[in-house]
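Hi,

Here is the structure I promised to pass on. Have a look at it first, and then read on for what turned up.

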Amino acid sequence: MGKSAYKNMWAYIEHDGARAMDVGLELCCELRRLCDRSGDKLLAVVVGSLPDGELQRVKDCGVDGLILVNRDERMEYNTEAYTEIFARLANKYRPSAIFVGGTANGRDFAPRCAVRINTGCTSDAIELEYDEATGDIRFIEPAVGGKIMAVITIPELRPQIGTIRPGTFRYSPAGAREKVKVIDERIELDPASIRSRTLSFAPDSAGPELNIADSEVVVCVGNGLKSADGLDIYRELAALLGGKLGCTRPLVDREILPYRLQIGQSGVMIKPRLYVCFGVSGAVNHTAGVSADTFVAVNRDPQAQIFNYCDYGIVGDMDEVCREMIRQLKARKAQ
Ligand SMILES: Cc1cc2nc3c(=O)[nH]c(=O)nc-3n(C[C@H](O)[C@H](O)[C@H](O)COP(=O)(O)OP(=O)(O)OC[C@H]3O[C@@H](n4cnc5c(N)ncnc54)[C@H](O)[C@@H]3O)c2cc1C
């Protein structure tokens, strides 16, 4: 079957039965833009029951329709069930593209579904474009250690499946459309096909200081840090600015800070109002995770790549500059 037989883009809305996760809404907001260019309809797929107020939040992101699967049932995530549900839906409706939040669950079922329906799946794109000449989605992501941006397409097979990390796109609802089509789907699964089950569930117990994704101010420490002993001044600066501490990957590799604080392509995506980084070289794997209103960089190397990304650059020793910032902030607060 040719590509032209496949139409419309889908966003998977992951939820816990009470609330839709941000990533699905972020996807809808971004896909609205793509669908306006491609002429496709944007449909949000919700599996299991979700309160009307939450469905309204999905509609507010500008979707043309909702596909509600088993809407009166509590449908806990299950690898085989979700793979089967999406494979059946894709075979029935033939969407051109399916976008799934790159959460633990999304990254689990999306590639399995792709294999099941004989198509391709890409992961972790940080930009999406619609190619009018070919009708393909261009999934853009850092590659070769961040030295190049790779453009990945699925030129022959459909649907195009992609997982996108939470926080990659902005949540900026376009408003609900006048008419939103609601498709009710009932999918019965053969119990014999379900081979995995949840044995127990432990909610995320990380302290608030480890949740940096929504922080308005982030102070990031890079590999320029000599040792863990030097971290205190950066923590102090973050506290004075009312923000949180984050880091680059080498600090996680050096076991100085936990993975939860790693900012970038394979870490957390952040969108703070203010981002101040110290001793960070500016590899695209890191900067891809930062979308800040104001970006400040401190590095002793005037040629450092990071200075191509920042609004304000300071050439100097990171510890000295940090101490001076603390001194000046304290002086201001004392006034
Ligand atoms: C697939 C893949 C995914 C990745 N994902 C991520 C990711 O999510 N997040 C991430 O951060 N990285 C990621 N990386 C790694 C990334 O490519 C870089 O290696 C990393 O971001 C570099 O971290 P850095 O800038 O802190 O360290 P470095 O590149 O070592 O830079 C240290 C900088 O500190 C400066 N410096 C040193 N001493 C001082 C001083 N006293 N004062 C001031 N400046 C000083 C130096 O001039 C240098 O510019 C990924 C890599 C790959 C291949």
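Thr122 sits in strand β5, which spans residues 121-123. Please keep in mind that this is a predicted model. Is Thr122 buried or exposed? Its relative accessibility is 7%, and because buried means under 20%, Thr122 counts as buried. Leaving aside residues up to four places away in sequence, Thr122 is in contact with Phe139, Ile152, Ile154, Ile161, Gly162 and Thr163.

The largest pocket holds about 1,800 Å³ of space. Its lining is made up of 46 residues, and Met21, Val23, Thr103, Pro166 and Asp204 are the closest to the centre. Helices α1 (22-38) and α4 (104-116) each contribute at least two residues to this lining. Both domain 1 (3-193) and domain 2 (208-334) take part, with at least three lining residues from each. Sorted by class, the lining of the largest pocket comprises 19 nonpolar, 16 charged and 11 polar residues.

The second largest pocket has a volume of about 450 Å³. Around it are 24 lining residues, with Asn223, Gly224, Gly279, Val280 and Ser281 nearest the centre. Two or more residues of that lining come from each of α6 (249-253), α7 (284-287) and β14 (294-299). How does the lining of the second largest pocket divide, and how many residues are nonpolar, polar and charged? Here 14 are polar, six are nonpolar and four are charged.

Happy to talk any of this through once you have had the model open for a while.

Best wishes

Definitions and conventions
Residues numbered from 1 in each chain as written. Predicted model: local features only at pLDDT ≥ 70, side-chain atom pairs only at ≥ 80, totals over all residues. Heavy atoms only, no water. Helix = DSSP H or I, 4+ residues; strand = E, 2+ residues; numbered from the N terminus. Buried < 20%, exposed > 50% of the residue type's maximum accessible area, 1.4 Å probe, protein only. Contact = heavy atoms within 4.5 Å. 1 Å grid on protein atoms, 1.4 Å probe; cavity = no way out; pocket = protein on both sides within 12 Å on 5 of 7 lines; lining within 4 Å. Points joined across faces, edges and corners; volume = space filled by probe spheres on them. Nonpolar A, V, L, I, M, F, W, Y, C, P; charged D, E, K, R; others polar. Domains from an automatic or database assignment.
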